[in-house]
Amino acid sequence: MRCSHDSFSAAPRRNGRVNSDACGQEFTRDSVTFLQPALLAALPLAALPVIIHLIHLYRRRQVKWAAMIFLLAAQRMNKGLSRLRQILILALRVLAVAALIFVITRPLAGGWLGLTGGAPETVLILVDRSASMEQQNLATGISKRLAGLRNIAKAINDAVGTRSHLVLIDSALGVPQPIEKADALIDLPQTEPTDTAADIPALLQNALDYITTNKTGRTDIWLLSDLQQSDWDASSGRWETLRGAFATMRGVRFHLLCYPQRADDDLGIRVDRVTRRETSEKAELLLDMQIARQVDQPQPMEVPLRLVVNGTATSTKAALQGNQLVLQGYAIPIDKTMKRGWGRVELPADAAPANNVFHFVFDDPPPLHSVIVSDDPAEAGPLSAALLAPADPSRKYTATVLGVSRAAEIPWDDTALIVWHAPIPQPEDALTRQLHTHVAQGRSIVFLPPESPDATEIFGLHWEGWDTAAAREAPLVEWWRNDADLLANTRDGAALPVGSVEVTRRCGIAGDGVPLARLGARTPLLVRSSHTERGSAYFLGTLPGPAASSLARDGVVMFALLHRALSEGGRTLGKAQQRLAAASALGDEGRKWKRVDDSAESLLAGMLPLRAGIVVSGDQITALNRPLGEDAPQTLSTNSLNELFAGLDFRVLTDSLENARSLTNEVWRTFLVVMAIALLVEALLSLPPRRAVAARGMMTASAPVASPARRREPAESAV
Amino acid sequence: MLGNVSGKHRSPVRGSSLEFAQYRKYVPGDDTRRLDWRTWGRSDRFYIKEFEADTNLRLCLLIDTSGSMAFGPAGATRLDYARRLAGTLAYLAAQQGDAVGLWSLAHESIEIPARRGAAHLGVVLDQMGGLQPLGGTNLLLMLHDAAEKIRQRALVIVFSDLFVAPDELKSAIQHLRFRRHDVAVFHLLDRKELDFDFDRPARFIDMEGGEAVLVDPSLIARNYREAVRQYLAELDDLVRTTGLDYHRVTIDEPYDAVLARFLLGRTPKKRAR
């Protein structure tokens, strides 16, 4: 398959093999399909003129003729152009009938839709509403999202009209939304721009769930996306599951409308850290900012910056030499009485508006409080020591050790991390509900195995039992996930020494989770629960003490693991928070929040957490921003896309914002014109030739031809 | 016309009738009795005075009876037309005391030598009435055959559609003329054959051989007329080169008018005056 990034092209794949037709030929939007394909069965009628001609040929009246020498001579002369003329007339008649048949079959330019099989029962429209989809054509102001929606709406209108059940699933909300007609796609709140990231595998999972639940029959899935790598998460194991599930379904067909083209000279800005510093003389905000662009040969340029703090704007310029400019500790003077507040930094408008603004809030940071629930001082001691050691000197760290019987005393509102070294509470237990609420608020829990584990499940995971034999065979960690989560590499790229951690006692972990570290191929040591939307729940299959592992002895891995979980849980502490725009960014009580900036566009309450900006609720203030992955220019390659959909019936259509044409276009008028032209030319060719009247007069003369010889013989006799 | 007995037709040889024909320069060997002395006296040159010689006529009627002669409406076919012309001429000749013969060569050969007499005329007309158009054309063979078999000089009149190659026809005509026969041809054509005025495709069946040809007239009419025009042009050329007494006749013309034109065309100018 060839996916052009700068032209509208599409190529079909089926069952993971390159379609032989498509192999040497690119399917363009000019390919033709038909809205009434059944009528194509009438195409043999185009041969009618030939059949009628043959019938007439053999049913002609008979004429007894004497002057055959002239007839044969005329036929001999007729074998050239006249024969060609006759063939042309027949061909034009065939063409006219064929064109008429094509007219009534309603041909549709844009063969990528592959609608020759008729309208499907259900059409699922999956829309990537990530921030990067707001990249727009500066000349027209049309974004990728809007262009794609318009194209899909028109294509659906042209192709299936209202014959199919239309369902929209967007990446931000993930909720199937039936829609009456395709035109509604443009105006629905569920297709408005967002500053969220998109989880394409989750989007497809939603589609899969909908198909399975509703038994949708023959289904077309149209996916609109810009193929951004961070959204597609091509390395995720979920793809294999999705492929397997879709492959077992019959009649599911994918149409992938992609806008992978990246904006030229796009500048993006982000704020990594905001610190309020106050001296005896002044107070100021210190911002750590990054301005980045992605060009091959960067030229030095001055970047105008607009900084807004509590509604007061200032402007400055930054000199950008390469592709990245890091501004560390950029100071903005503020009033000494301003203890907390909000602000944003802005870049001039360009083709990708989503990364031109970054919002921030500032306040005195709350202490990062953690609670260790354990009856074993030997295990609680090292944990407490690690959690009290400050990872960020500017923050305050506190830790409390509570016995299992005092677990109810946990200060839920102030605790960022709970380390649970105790039996799993029963599902109906109040403590279980509190633990779930704790995680739902974005906090973290790390479960450690009790001495007598049972099969009680929490967050989809449960303990299996201690296993020392396995530990003897594989005492070291063989694999761990170093690209994300608790055991990720450090900021400078260095790996944590997880491989040197010795595990002598291991407790088995079972349930639905994502392994973050394994001892052997199938022996998970650290698992993250898949049953959490906000917050994190981890199961660590050993204890830090020397009787079970070297975690406490070596310290580094345990310190990083605990502080990362603490830091993650601490994000939702305090009254001023930085969050990523997402449906769950404001928790369950999203209606309490409102935008602080009155100039900002009014949004429905449900859409508030999806857009970047500052929102407040009581004394809580939160800055919502796009996920930084949306700034990354990397898009999924064609090969990767083929691998992700291998074995499925899918077609890829690559479009660009500069392409103003629609996906489909009814072209029956063209065939009508063809038919008219064919009939006109046929009529001209069929006109009888003009009679040679003068010649006829000469030939029919009955006067004798004068003979010179006769005139020389006057003596001849008359009868 | 050369005959055995004295008749009502001018002979091609000068004779001893009372009607002056022309003067001719004297050449040694001429009969000095025929010198015109008065002319010698006026011009001091010798001229022979020639007179017309009257003789009787041998009229040989050659009728083409090939299948194509059946073309035309029932009762007015080409052969019917030829019979009317030939019969009338035979009758006229017999009334003048001329000898009349009939030749035809098709599926059966008819050769009736030229003889005088009312009884013979009856035989000729009977045979003429029994002619049937059938089979392929044998016109050329008949002309060559007639040229060989008609021993005395005669007026040979051919009735045919002449659907043969003009160069071959020219050879046959020249053969007749080599035998010193006076040759006249009635070229009988139907107006349909000239105009080819058909609108719809049809299967054309050859009347001489049965061969069928599928033809769309709209496609070949122009070429057909061009072929006819070329053919007639070649015939005109043949007439010019051979001095043939040629009459192109469409069979819807009144045959009396055609006969009158033929007879007037053969009447000597002086006598016509």
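This is a predicted model: local features need pLDDT of at least 70, side-chain atom pairs count only at pLDDT 80 or more; totals for chains, interfaces and linings use all residues.

Reader: How many residues of strand β7 of chain A are buried?

Author: The strand spans residues 122-127 and is mostly covered. The number of its residues that are buried is six of six.

Reader: Which residue in β10(A) is the bridge partner of Leu126(A)?

Author: Strand β10 of chain A comprises residues 219-225 and runs parallel to β7(A), with six bridges joining the two. In β8(A), residues 165-170, which is also joined to β7(A) by six bridges in parallel, Leu126(A) has Ile169(A) as its bridge partner. In β10(A), the partner of Leu126(A) is Leu223(A).

Reader: What is the handedness of the β-α-β unit made by β7(A), helix α5 and β8(A)?

Author: The helix in this unit, α5 of chain A, covers residues 144-159. Together with β7(A) and β8(A), the helix makes a unit that is right-handed.

Reader: Why is one side of β29 and of β30 of chain A left without a neighbour in the sheet?

Author: These strands belong to an open sheet of four strands with mixed pairing, in the order β29-β32-β31-β30 (chain A). β29 (576-580) and β30 (594-595) stand at its edges, so one side of each lacks a neighbour in the sheet, because each has a single partner strand.

Reader: Which residue in β31(A) is the bridge partner of Lys594(A)?

Author: β30(A) pairs with β31(A), residues 613-617, in the antiparallel sense over two bridges. In β31(A), the partner of Lys594(A) is Val616(A).

How values were computed:
Residues are numbered from 1 along each chain as its sequence is written. Chains are lettered from A and ligands numbered from 1 in the order in which they are written. A residue is buried if 20 or more other C-beta atoms lie within 10 Å of its own, exposed if 12 or fewer, and partly exposed in between; C-beta atoms are placed from the backbone. Two strands pair if DSSP finds at least two bridges between them. A crossover is right-handed if, with the strands pointing away from the viewer, the path from the first strand over the helix to the second runs clockwise.
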